[in-house]
Amino acid sequence: MPELPEVEVSRLGLLPHLLHEPVVGCLARRADLRLPMPQDLAARLTGHRLAAIVRRGKYLLFHWPTASGWLLLHLGMSGSLRLTPPDAPAGLHDHFDLCFPRVILRLKDPRRFGLVLWLEGEHPETHPLLEPLGVEPLSEAFTADCLAALLKGRTTPIKTLLMSARRIVGIGNIYAAESLYRAAISPLRPAADLRPKEIQRLAASIRETLQEAIEAGGSSVRDYVHSDGGAGSFQLRAAVYDRTGQPCPRCAAPIRQIRQSGRSSFYCPRCQK
Ligand SMILES: [Zn+2]
């Protein structure tokens with residue numbers, strides 16, 4: 001599943017090719033993905049220049065002030081964005097094209113859990129999908145104090161809480177596991193039991209882990225392909241994620257796998273307390 005770093009890498013990869021370019025066409029090849037796709041985008045957007053691409057959690061938002069709205073994209077479980085030449089034939093799972101003079105932005109989504117929506121107006125943050133989202137872990141607002149406030153009084157295991165998008169948006173399973181490992185905190189600890197020093201370490205390790213993943217080009221899990229067609233590499237450097245039974249890089253104890261809230265958690269039982 002594309003995670004926050006992959007979505008941010010897509011955004012950064014698309015910007016230099018698409019920003020300020022005029023839309024010359026738009027094509028939805030299906031009526032719906034997870035929700036119905038807008039069928040009138042060509043009429044709305046043709047001739048309008050793309051003014052911005054911003055990210056909120058794992059959502060990408062494309063802004064056309066002159067068309068008074070935003071296009072919201074979500075990659076779902078298996079979606080990927082690519083830039084293709086204008087004459088490239090579409091594949092079986094290529095469900096949506098946004099066409100510019102020199103390139104097509106093409107959404108491929110075999111499992112069709114992705115989203116393409118048109119948000120009318122200038123305030124996409126009030127949309128029901130975006131309004132409940134928690135703090136951005138890479139924003140200046142995400143400090144140790146902010147994290148402490150989110151954990152206060154919560155008996156939920158810290159790993160489960162980190163993956164709650166209503167509190168912190170977009171950390172995801174891989175990065176929750178790696179951040180807890182770096183901070184030497186067990187995924188099983190009740191959130192409210194973390195001490196101030198641990199919360200400081202955890203806030204820092206979340207930012208570092210996500211930032212490193214972005215710099216490494218995002219991890220490539222399953223179907224994700226970069227906007228430029230390359231593959232990410234962060235996954236190769238994971239210390240605990242998907243490394244059940246392999247030695248901990250720090251202490252050589254075998255990495256343990258457990259289930260938490262229906263998801264796999266990976267951790268070092270010796271280093272993470
Ligand atoms: Zn260890």
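The following questions and answers go through a predicted model of one chain and ask what its descriptions rest on.

Q: How do you know how confident the predictor is in this chain, and which elements have the lowest and the highest mean pLDDT?
A: The chain averages a pLDDT of 91, and 93% of the residues score at least 70. Among the elements, helix 1 has the lowest mean pLDDT, 88, whereas helix 3 (residues 144–151) has the highest, 98. Over residues 219–233, however, the pLDDT is below 50, although this stretch has 43 contacts in the model beyond near neighbours in sequence.

Q: Which domains does the domain assignment give, and what separates their centres?
A: The assignment gives domain 1, which covers 4–126, and domain 2, which covers 144–267. Taken over C-alpha atoms, the centres of domain 1 and domain 2 are separated by 29 Å.

Q: Why are strand 2 and strand 8 called edge strands?
A: The open sheet to which they belong has four strands in the order 2-3-4-8, with antiparallel pairing. Strand 2 (52–56) and strand 8 (115–120) each pair on one side only, and they are the edge strands of this sheet. From one strand to the next, the twist averages 25 degrees.

Q: How do you know that strand 2 and strand 3 pair, and what is the bridge partner of Val 54?
A: Pairing requires at least two bridges, and strand 2 and strand 3 have five, in the antiparallel sense, so the two strands count as paired. The bridge partner of Val 54 is Leu 61 in strand 3. The hairpin of strand 2 and strand 3 has two residues between the strands, and in this hairpin Gly 57 takes a positive phi near 60 degrees. Helix 1 (residues 4–18) lies across strand 2 and strand 3 (59–64), running at about 175 degrees to strand 2.

Q: What makes strand 4 and strand 8 a pair?
A: Six bridges join strand 4 (residues 69–74) to strand 8, and the two run antiparallel; the requirement is at least two bridges, so they count as paired. In this region Leu 72 stands opposite Leu 117 in strand 8.

Q: Why is Leu 4 called buried, and which residues does Leu 4 touch?
A: A residue is buried if 20 or more other C-beta atoms lie within 10 Å of its own; Leu 4 has 22 C-beta neighbours inside 10 Å and therefore counts as buried. Leu 4 lies in helix 1. Not counting residues up to four places away in sequence, Leu 4 touches Gly 57, Lys 58, Gly 170, Ile 171, Gly 172 and Leu 210.

Q: What makes helix 5 mostly covered, and which elements do its buried residues pack against?
A: In helix 5 (residues 172–182), 11 of its 11 residues are buried, and the helix is accordingly described as mostly covered. Among these buried residues are Asn 173, Glu 178 and Arg 182, as well as Ile 174 and Leu 180. The buried residues of helix 5 pack against helix 1, helix 4 (158–162), helix 6 (196–215) and strand 10 (263–267). Helix 5 is followed by Ala 184, whose phi is positive, near 60 degrees.

Definitions and conventions
Residues are numbered from 1 along each chain as its sequence is written. This is a predicted model: local features need pLDDT of at least 70, side-chain atom pairs count only at pLDDT 80 or more; totals for chains, interfaces and linings use all residues. Axes are lines fitted to C-alpha atoms, for helices over the stretch in contact, and angles run from 0 to 180 degrees between N-to-C directions. Two residues are in contact if their C-beta atoms, placed from the backbone, lie within 7 Å. pLDDT is the predictor's confidence in each residue, from 0 to 100. Domain bounds come from an automatic or database domain assignment. A residue is buried if 20 or more other C-beta atoms lie within 10 Å of its own, exposed if 12 or fewer, and partly exposed in between; C-beta atoms are placed from the backbone.
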